[in-house]
Amino acid sequence: MTTPVFRLPIGVDCSNNNGKVRVSGDRGLVVFDSVSKIHRKGNMVIFLPYLTPYYSSIFTQAVLGVILGYTIELRLKGIGYRVREEEGKLIFSLGYSRPIILTIPESISVKFNKKTFLLMSANFGALQNFATTIRSFRFPDPYKGGGILYASEIVVCKEGKKT
């Protein structure tokens, strides 16, 4: 059996402290739990005991995230649906009686266009979790197609009631 060796790109630093692995780079910092210890030699990293496939994929996602970063684009489709940012919080107007206020995590940044907004982060898991939380406030409607959608998502609408 060969030893799994990870090669770190230039500009990426990896350290281990009290069961937490920290991967840092140009786009940010990603921290995740691991029982393995890191052994480094130059830009080569070996985890002992070996990482499970799950933690191995988290590590490669973290390395890609701190180099390139991850983005998710969400689109508001519906009459009167709006989003704005105030003091580190997202405020959604989604047709409910009150606006929905959601705190933006520190590792995520947001850019706005007219009906779309872009979520950017180095931590892919946190980014997906935040995007899913936002979508949970107004899932796409199967009859009209309105709601909060991913930018590339296509909603196939059901046929209405026949009279």
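This is a short chat about a predicted model of one chain.

Reader: What are the ground rules for the numbers?
Author: The model is predicted, local features need pLDDT of at least 70, side-chain atom pairs count only at pLDDT 80 or more, and totals for chains, interfaces and linings use all residues. Residues are numbered from 1 along each chain as its sequence is written, and side-chain values use heavy atoms, with hydrogens and water left out.

Reader: How many helices and strands in the chain?
Author: Two helices and 13 strands. Both are DSSP runs numbered from the N terminus: helices are H or I with at least four residues, strands are E with at least two.

Reader: Spread out or compact?
Author: The chain is more spread out than a compact globule, because its radius of gyration is 20 Å, well over the 15 Å that the globule rule gives for 163 residues. The radius is taken over C-alpha atoms, and the rule is 2.2 Å times the number of residues to the power 0.38.

Reader: What box do the C-alpha atoms fill?
Author: Roughly 70 × 40 × 25 Å, along the principal axes.

Reader: And what share of the residues is buried?
Author: 32% of the 163. Buried means under 20% relative accessible area, exposed over 50%, and partly exposed in between, with a 1.4 Å probe and protein chains only.

Reader: Switching to backbone. Which peptide bond is cis?
Author: The one from L48 to P49, with omega near -10°. P49 sits in the loop between β6 (44-48) and α1 (53-67).

Reader: What about phi at N18?
Author: Positive, about 50°, although N18 is not a glycine. N18 is in the loop between β2 (13-17) and β3 (20-24). N18 is exposed, at 76% relative accessible area.

Reader: And phi at E87?
Author: Near 50°, also positive in a residue other than glycine. E87 is in the loop between β8 (82-86) and β9 (89-93). Its relative accessible area is 82%, which is exposed.

Reader: Why flag these?
Author: Because most residues other than glycine have a negative phi, and most peptide bonds are trans.

Reader: Pockets next. How much space lies in the largest one?
Author: About 150 Å³. A pocket is an open set of points on a 1 Å grid over the protein atoms alone, where a 1.4 Å probe fits, with protein on both sides within 12 Å along at least five of seven lines. The volume is the space filled by probe spheres set on the points, which are joined across faces, edges and corners.

Reader: Which residues line the largest pocket?
Author: Among them are R27, Y70, S107, I108 and M120. Lining residues have an atom within 4 Å of a point. β7 (70-77), β11 (108-112) and β12 (116-121) each give two or more residues to that lining.
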